[in-house]
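Colleague: Hi! Could you walk me through this model? I'm new to reading structures, so please keep it simple.

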Amino acid sequence: TLPTVTVTTTSNVNKSVSKSFQSTFKDATSTKWYKVDRDYLASFMTKDQKNHALFEKTGYLVYHITYGKESNMPDDVRKIVKTSYLDYNITSAINVKEAGRDIWVVNLETDKKLIVARVEDGNLEEVGNYNKTM
């Protein structure tokens, strides 16, 4: 079993976390803070994208997740995906940055199929393939 995780809303963020957040995400708006056990989770907007960033109490950025769409993807990542899935529409694109890794999780679909793919370091991997029920 997994340990219990306690998440609470907070407006009391320590100086190290606040300084790290402000220097990393200068264009952040609508920021909401949550305490996740000993860490701090920021939920915020940048331009038209929703974001989540988890910080340790020291201000160290653990991960950053950006929720977007096809237009938010870098050209090289979009090309890798579209080349392999010609007849599919990209319905969402999620960028995960963690421990020096830059991963794109992409949802693609047609009328009959839903595909979940991931791209990291130029490598495409299909992680889910589902038939839609009608």
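Modeller: Let's begin with contacts across the chain, where contact means heavy atoms within 4.5 Å. Among contacts between residues at least 6 apart in sequence, 30% join residues at least 24 apart.

Colleague: Okay. What kind of model is this, and how is it numbered?

Modeller: This is a predicted model, in which local features need pLDDT of at least 70 and side-chain atom pairs count only at pLDDT 80 or more, while totals for chains, interfaces and linings use all residues. Residues are numbered from 1 along each chain as its sequence is written, and side-chain values use heavy atoms, leaving out hydrogens and water.

Colleague: How many helices and strands are there?

Modeller: The chain has 2 helices and 9 strands. Both come from DSSP runs, numbered from the N terminus: helices are H or I with at least four residues, and strands are E with at least two. From the N terminus on, the order is β-α-β-β-β-β-α-β-β-β-β.

Colleague: And what share of the residues is buried?

Modeller: Of the 134 residues in the chain, 34% are buried. Buried means under 20% relative accessible area, exposed means over 50%, and partly exposed is in between, with a 1.4 Å probe and counting protein chains only.

Colleague: Let's look at a helix. Which residues of α1 are buried?

Modeller: Helix α1 spans residues 15-24, and V17, S20 and F21 are buried there. They sit on the same side of α1, because they cover an arc of only 100° around the axis. That arc is taken from the directions from the helix axis to the C-beta atoms.

Colleague: Why would residues a few places apart end up pointing the same way?

Modeller: An α-helix has 3.6 residues a turn, so residues three or four places apart point the same way.

Colleague: Nice. What covers the buried residues of α1, and what is on the face turned away?

Modeller: The cover includes β2 (29-36), β3 (39-46) and β4 (49-55). The face turned away from the buried side carries the exposed residues K15, K19 and Q22.

Colleague: What caps the N-terminal end of α1?

Modeller: N14 does, with a side-chain oxygen 3.0 Å from the backbone nitrogen of S16.

Colleague: Now the other helix. Which residues are buried in α2?

Modeller: In α2, V77, R78 and V81 are buried. Seen down the axis of α2, they fall within an arc of 100°, so they line one face of the helix. The face turned away carries the exposed residues D75, D76, K79 and T83. As for what covers the buried residues of α2, that includes β6 (89-98), β7 (101-109), β8 and β9.

Colleague: I'm curious about R78. What does its side chain pair up with?

Modeller: R78 lies in α2, which runs over residues 75-84. The side chains of R78 and D75 are joined by a polar contact of 2.8 Å. A polar contact is a pair of N or O atoms within 3.5 Å; within protein, one must be able to donate a hydrogen and the other to accept it, and residues adjacent in sequence count only if both atoms are side-chain atoms. A polar atom of the R78 side chain also lies 3.1 Å from the backbone oxygen of E70. Leaving aside neighbours within four places in sequence, R78 is in contact with E70, S71 and M73.

Colleague: Switching topic: is E120 buried or exposed?

Modeller: E120 counts as buried, because its relative accessibility is 12%. The place of E120 is in strand β8, residues 113-120. Its side chain makes a polar contact of 2.7 Å with the side chain of R118. Apart from neighbours within four places in sequence, E120 is in contact with R101, D102 and I103.

Colleague: What about the residue after that, D121?

Modeller: D121 lies in the loop between β8 and β9 (123-131). D121 is exposed, with a relative accessible area of 69%. Its phi is near 55°, a positive value in a residue other than glycine.
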